[in-house]
Amino acid sequence: MNKKEILKLAKGFRGRAKNCIRIARERVEKALQYSYRDRRTKKRDMRSLWIQRISAGTRSCDMQVHYGHFMHGLKKENIQLNRKVLSEISMHEPYSFKALVDISREAFPGNRHIYHRPRKVDMSITA
Amino acid sequence: MALLLHGSSAIVLPSPSSSSSVNPSSISSCNISSPFVVGFSVPASKSAFNMDYRMTRDFRDFRMALKEEEKEEERKERKEKPPHIPLDQRWMFEESELDGPDIWNTTWYPKAADHVNTEKPWFVVDATDKILGRLASTIAVQIRGKNLATYTPSVDMGAFVIVKVNAEKVAVSGKKRTQKLYRRHSGRPGGMKIETFDQLQQRIPERIIEHAVRGMLPKGRLGRALFNHLKVYKGPDHPHEAQMPAELPIRDKRVQKQS
């Protein structure tokens, strides 16, 4: 790539990296490497954001439902909505999302009935 | 579509949308007895036959049918016509966006109007005999906004500000009251300052909770801005009555100190 193309790609960089070709060339190469890598990580980040939003949505109902239990219930009911759409529903259509949470809870009520071994008693000293 | 009958010839002027609706059979069903080819002739001069034909019933029926076709086409065009966008803004809209932005296939990102500071909810917590870390964790989650379905990591969507009263009565379990150390360094050699929980609580009690919550918020520009949303006060009063803070919902069952 010639100098003009590099300096065009270097717009918005900090300091001499946007003006001087020697520095700009390095920074632009790095920027292109980052953009290559991040086109792949963007898909992962987006999915993680959807999962966080769905999890927040399920926990904000009256009965707290974990994300994992929620998704398991949906798979059991063969509801094939993907996480992107589920996160949009939880934001824009709260009542529909509540209905989905209810369906999932009916299909998979959680691990309440599993016996947990007794925990250690809290031995705190009074102040 | 305009159909002009000049003598025995018919000139069909096709319009762009209705070229398919031109029905050659309808033209040929006219009672035109002429040797000339329909549809491609040069307009002939007006003749007596021309005037007569225009009064006939066939011609009038034909014209009515054409008019109805025209009306249907207009109606279809009006339905399919996209909403009018002024000329200087048309570059902003793609074909698919003419009905409005697509909210189902693109991940929502908050606009500036979605996180105005003046409209965020305020909460108040009474810190008497609450376990320090558990309380700080709940506060940090609320400030960050992680309990909302509209959570965005790069934007401050949190339930704004939390007022903590009676900060000097916050509790810790075990021997932390005398053994937990708070350190700070002035930057110079030998400048490490160490205080225990007890001493700091007597000196500046707000700092304990602030230190705890700050450690649980993200570190960075956004984290520092979020930290400003926490307000801690020593006594039972706070100056934020005007914001009408609600009670902070705490879901942790072990936050209250068991005495």
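# A tour of a predicted two-chain model

Select Leu181(B), Met192(B) and Ile194(B): together they make a nonpolar surface patch of about 260 Å². Keep in mind that this is a predicted model. Now pick Ile194(B) alone. It lies in strand 6, residues 192-196 of chain B. Ile194(B) counts as partly exposed because its relative accessibility is 43%.

**Stop 1: chain B as a whole**

Colour chain B by secondary structure. You will find 8 helices and 8 strands. The chain has 259 residues, and 33% of them are buried. Its accessible surface comes to about 17,100 Å², with 54% belonging to carbon and sulfur atoms. Next, think about contacts between residues at least 6 apart in sequence. In chain B, 68% of these join residues at least 24 apart.

**Stop 2: helix 7 of chain B**

Select residues 205-216 of chain B, which form helix 7. Which residues of this helix are buried? They are Pro205(B), Glu206(B), Ile208(B), Ile209(B), Ala212(B) and Val213(B). These residues sit on the same side of helix 7, because they cover an arc of only 160 degrees around the axis. What covers them? Show helix 4 (132-144), strand 4 (162-165), strand 5 (181-185), helix 6 (197-203) and strand 7 (230-232) of chain B, which are all included in the cover.

**Stop 3: Arg144(B)**

Move to helix 4 of chain B and click Arg144(B). Is Arg144(B) buried or exposed? It counts as buried, because its relative accessibility is 17% and the cut-off for buried is under 20%. Now show what it touches. Beyond four places in sequence, Arg144(B) touches Tyr151(B), Pro153(B), Gly158(B), Pro218(B) and Leu226(B). Look again at Gly158(B). It is 14 residues along the chain from Arg144(B), yet their C-alpha atoms are separated by 4.8 Å.

**Stop 4**

**Stop 5: where the chains meet**

Show both chains. Here 22 residues of chain B are in contact with 26 residues of chain A. The two chains bury about 1,900 Å² between them, 55% of it on carbon and sulfur atoms. Select Trp104(B), Thr107(B) and Ala149(B). They supply 32% of the area that chain B buries against chain A, more than any other three residues. How many salt bridges cross this interface? The rule finds 0.

**Stop 6: helix 5 of chain A**

Side chains of opposite charge can pair when their charged atoms come close. Select Lys98(A), Asp102(A) and Arg105(A), which are linked in a network of salt bridges. Asp102(A) meets Lys98(A) at 3.9 Å, N to O. Asp102(A) also meets Arg105(A), at 2.9 Å. Lys98(A) and Asp102(A) lie 4 residues apart in helix 5 (residues 94-107), about one turn of the helix. Arg105(A) and Asp102(A) are 3 residues apart in helix 5, again about one turn. Asp102(A) is partly exposed, with a relative accessible area of 29%. Lys98(A) is partly exposed at 31%, and Arg105(A) is partly exposed at 27%.

**Last stop: Ile21(A)**

Finish at Ile21(A), in helix 2 (residues 21-59) of chain A. Beyond four places in sequence, Ile21(A) is in contact with Lys3(A), Ile6(A) and Leu7(A). Ile21(A) and Leu7(A) are 14 residues apart in sequence and 6.9 Å apart in space, C-alpha to C-alpha.

Definitions and conventions
Residues numbered from 1 in each chain as written. Chains lettered and ligands numbered in written order. Predicted model: local features only at pLDDT ≥ 70, side-chain atom pairs only at ≥ 80, totals over all residues. Heavy atoms only, no water. Patch = residues over 30% accessible without salt bridge, like charges linked within 9 Å, V, L, I, M, F, W, Y side chains within 5 Å. Areas by Shrake-Rupley, 256 points an atom, 1.4 Å probe, with all protein chains shown as cover. Salt bridge = Lys/Arg side-chain N within 4 Å of Asp/Glu carboxyl O. Helix = DSSP H or I, 4+ residues; strand = E, 2+ residues; numbered from the N terminus. Buried < 20%, exposed > 50% of the residue type's maximum accessible area, 1.4 Å probe, protein only. Arc of directions from axis to C-beta. Contact = heavy atoms within 4.5 Å. Buried area = accessible area lost by both parts, 1.4 Å probe.
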